[in-house]
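Please keep the sequence and the model in view while reading the points.

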Amino acid sequence: MSVSDLVQLCRLDEVPDGEGRTIDYEGTAYAVFNLEGEFFVLQDQCTHGPGSLGEGIVEDGEVECDFHNGRFKIATGEPTAPPCVAPVAMWEVTLRDGAVWIDPKAALVSGIDF
Ligand code: FES
């Protein structure tokens, strides 16, 4: 990953501790989470359906989809509760200049089709 591939998704202060936010970047929705100052970026769309993970409930390091209450571990993108069975894509996060940056082309886990 070269620094020039990184894009800024949001400022750190846009995502309060213990919460997530949906951030749109060039037509793709990302879910950005802040867990005690550690930031994670997952695909926003739940792998079970149309739920938005950035709008889900964050609890114990997991996010609960508000559509059918499936859950994912935020640090890995792995599903932890049915009906979700497929992981969500996630991206390596770089914190720079008070903001969250990712390389959109370098998902660490391949989730649903983009
Ligand atoms: S859409 Fe997320 S649990 Fe069904």
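1. Leaving aside residues up to four places away in sequence, Asn34 touches Val15, Pro16, Asp17, Gly18, Glu19 and Phe39. Contact here means that the C-beta atoms of two residues, placed from the backbone, lie within 7 Å. The C-alpha atoms of Asn34 and Gly18 are 5.6 Å from each other, although the two residues are 16 residues apart along the chain.

2. The model is predicted: local features need pLDDT of at least 70, side-chain atom pairs count only at pLDDT 80 or more, and totals for chains, interfaces and linings use all residues. Numbering starts from 1 along each chain as its sequence is written.

3. Is Asn34 buried or exposed? Asn34 counts as buried, because 21 other C-beta atoms lie within 10 Å. The cut-offs are 20 or more other C-beta atoms within 10 Å of a residue's own for buried, 12 or fewer for exposed, and partly exposed in between, with C-beta atoms placed from the backbone.

4. Asn34 belongs to strand E3, and Glu19 is its bridge partner. Strands (E, at least two residues) and helices (H or I, at least four) are DSSP runs numbered from the N terminus. Two strands are said to pair if DSSP finds at least two bridges between them. E2 and E3 pair antiparallel over seven bridges. They form a hairpin with two residues between the strands, and Glu26 in that turn has a positive phi of about 50 degrees.

5. On to the next hairpin. Strand E3 (residues 28–35) and E4 run antiparallel and are joined by six bridges, with Leu35 partnered by Glu38 of E4. Two residues again separate the strands in this hairpin, where Glu36 takes a positive phi near 55 degrees.

6. Strand E4 covers residues 38–43; five of its six residues are buried, so the strand is largely enclosed by the rest of the structure. E4 is also joined to strand E9 (residues 90–91) by two bridges, in the antiparallel sense. In that pairing Val41 has Trp91 as its bridge partner.

7. Which strands make up the open sheet, and in what order? The order is E2-E3-E4-E9-E12, five strands with antiparallel pairing. Strand E2 (19–25) and strand E12 (107–109) are the edges, each pairing on one side only. E9 and E12 run antiparallel and share two bridges; Met90 stands opposite Val109 in E12.

8. The largest nonpolar core has 24 residues, and Val32, Phe33, Val41, Leu42 and Leu53 touch the most other members. Elements that give two or more residues to this core are E3, E4, E9 and strand E11 (99–102). A nonpolar core is a set of buried Ala, Val, Leu, Ile, Met, Phe, Trp, Tyr and Cys residues joined through C-beta atoms within 7 Å. Not counting residues up to four places away in sequence, Val41 touches Leu9, Tyr30, Val32, Met90, Trp91, Val93, Val100 and Ile102.

9. For the chain overall, the secondary structure comes to twelve strands and zero helices. Of its 114 residues, 35% count as buried. Among contacts with a separation of 6 or more, 39% are between residues 24 or more positions apart.

10. The C-alpha trace spans about 40 × 30 × 20 Å along its principal axes. The radius of gyration, taken over C-alpha atoms, is compared with a globule rule of 2.2 Å times the number of residues to the power 0.38. The chain has 13 Å, which agrees with the value near 13 Å for a compact globule of 114 residues.
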